[in-house]
Amino acid sequence: MGNTVTGIARIHRPIAVLSLFSALSCLLMLWPAMTFASRSAAIDVLSLKMDKLDAEVLFRKDRYDTSSFPITIIEGDKRLTGRIAVKGSFTRRFPKKSLLIKLDKGLSWKGQRRIALNSMASDPSLMREWLAWDLIRHLHMAAPEARYTRLLINKTRSGLFLNIEWIDPGLLSRFGLGKDGEFYHPVDATFCGDLSLANTVGNPGRCWDKLSPRDPSFDSLIALAREIDDTPATDFHQFIQRRFDVDALLNWMAVNTITSNGDSYNKNYFLYLSNKTGKWVVIPWDYDLSFGRNWDPVLPYPENILNNNFQYYYPESLGMPTAFKKKILANTHLKQQLLRRIAALLGKKSYQGIQPWFTPAIMTRRI
C-alpha cells in the first residue's frame, strides 16, 4: 500500500509541479488585467444647493431655453456661488440634460470656474465618451481632462455626468503651447469650419468663433485657408510639416477613425496657432456620439441617434469630405503615417512608440 502511494506520488509530483507552474504563468499573464480591473474609474461628487422649483424646472426646460438659475456648490465648509444652465444642441431633447455651471468671479471648484457636465444621454453604457477621451490621453494629445462626476442637487442624486475640462489658455499653456496664440473654434450651427477658401474668406465670422485674442482679425486663418487651397496634394506633407503639429493632426484623425466620429472635420475641434511653436495645433472636441454610433432614420429623433449598437464599417475617410482632409488622404506620405498610427493602436504593428489600445484583451480590461 505504501509503495503504491509512493508510486502515485512520484507520478503526480511532476504533474502537480507543472500544474502549479501553469497556474502561476496564467496568474502572471493575467496580473496586468487584474491590476487594471481592481482600479475603479474615479468619480467626483458635485453637490449643489438651489431653489426647489428651479431644480425641478432645470431638466424640463424647453429645448431653446437658455436661462440660468442661481446655485451654490457645497464642499465641506466652502460655499461657491454661481449659475447653472442647460448646454449643448441635440442633447437638449433628452430628459437628462447636459449642464454648464459658471461660478462667480474669483471662485473655482477643483481648479475650474466653468464646469461642463456632459449627460452621456445618447449612450446607455455611459462609457463611450470616456473611452474616447481615454484614447486621446493615451496619445498624449493636448486635450481637456474628462472625469466622471456624480451630481447631487439638494442632496438628491441627479445622475452621473462626464465633467469635460473647459478649454482655455491655462490648458494650452499646460501642454507647452503658450497662452498668447490665436484660438479658433468652428461655429456649431453653421457646419462650415472646414478650412476651405469659400468658407473662410469673405465672412469668416459665419463659420468661426475667434476665442482669443478678442479682436476682429481673421487674417491668420484666411492665410492658412489660402495655403491649403494653393498646395497640391502631392506636396501636402511638406506643407503640413511646416505649418502644423503633425502628431496632433494625424492622431486626431486616427482617433476619429477608431471612434467612428465623422462629424469632427467641419465643426467639432479647436484650432490654435501657437506663438511659442509657430505651428497650428488641432485640439479634439465633442465625442458624445462616438464608438460605432448607430443611426436609424425610421425612429423618431432623438431615439434615432442612440448608441445602442456598435457598428464599425467606416474607413479612414469617414465623415465630412473636406478639401483639407481629402488632400491629406491623397498624399501618400500622410496617409501611410495615418494608417500606421491606426495599426499601432489596433496592436497590429509598432509605430513611433504608440502602444496598443483598441484590442479585445486591452479593451476588456479597460471596461
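This is a predicted model: local features need pLDDT of at least 70, side-chain atom pairs count only at pLDDT 80 or more; totals for chains, interfaces and linings use all residues.
Is the crossing of H6 and H7 left-handed or right-handed? Keep that in mind, and I'll come back to it.

Okay, let's begin with the strands. Seven of them close into a barrel, and if you go around it you read S1-S2-S3-S4-S5-S7-S6.

Now zoom in on one pair. S5 covers residues 114–118 and S7 covers residues 156–164, and these two strands pair in the antiparallel sense, over three bridges.

H3, residues 128–138, lies across S5, S6 and S7. Relative to S7, H3 runs at about 30 degrees.

Right, on to the helices from my question. H6 is residues 219–230, H7 is residues 236–243, and their axes come within 10 Å, crossing at roughly 160 degrees. Angles over 145 degrees count as roughly antiparallel, so that's what H6 is to H7. And here's the handedness: the crossing of H6 and H7 is right-handed.

So who's touching whom? On the H6 side you've got Leu 224, Glu 227 and Ile 228, and they meet Phe 236, Phe 239, Arg 242 and Arg 243 in H7. Sort the residues of that contact by class and you get four nonpolar, three charged and no polar ones.

Conventions. Residues are numbered from 1 along each chain as its sequence is written. Side-chain values use heavy atoms; hydrogens and water are left out. Two strands pair if DSSP finds at least two bridges between them. Helices (H or I, at least four residues) and strands (E, at least two) are DSSP runs, numbered from the N terminus. Contact means heavy atoms within 4.5 Å. Axes are lines fitted to C-alpha atoms, for helices over the stretch in contact, and angles run from 0 to 180 degrees between N-to-C directions. Angles under 35 degrees count as roughly parallel, over 145 as roughly antiparallel, 65 to 115 as roughly perpendicular and the rest as oblique. A crossing is left-handed if the near helix is turned anticlockwise from the far one by less than a right angle, and right-handed if clockwise. Ala, Val, Leu, Ile, Met, Phe, Trp, Tyr, Cys and Pro count as nonpolar, Asp, Glu, Lys and Arg as charged, and the others, Gly among them, as polar.
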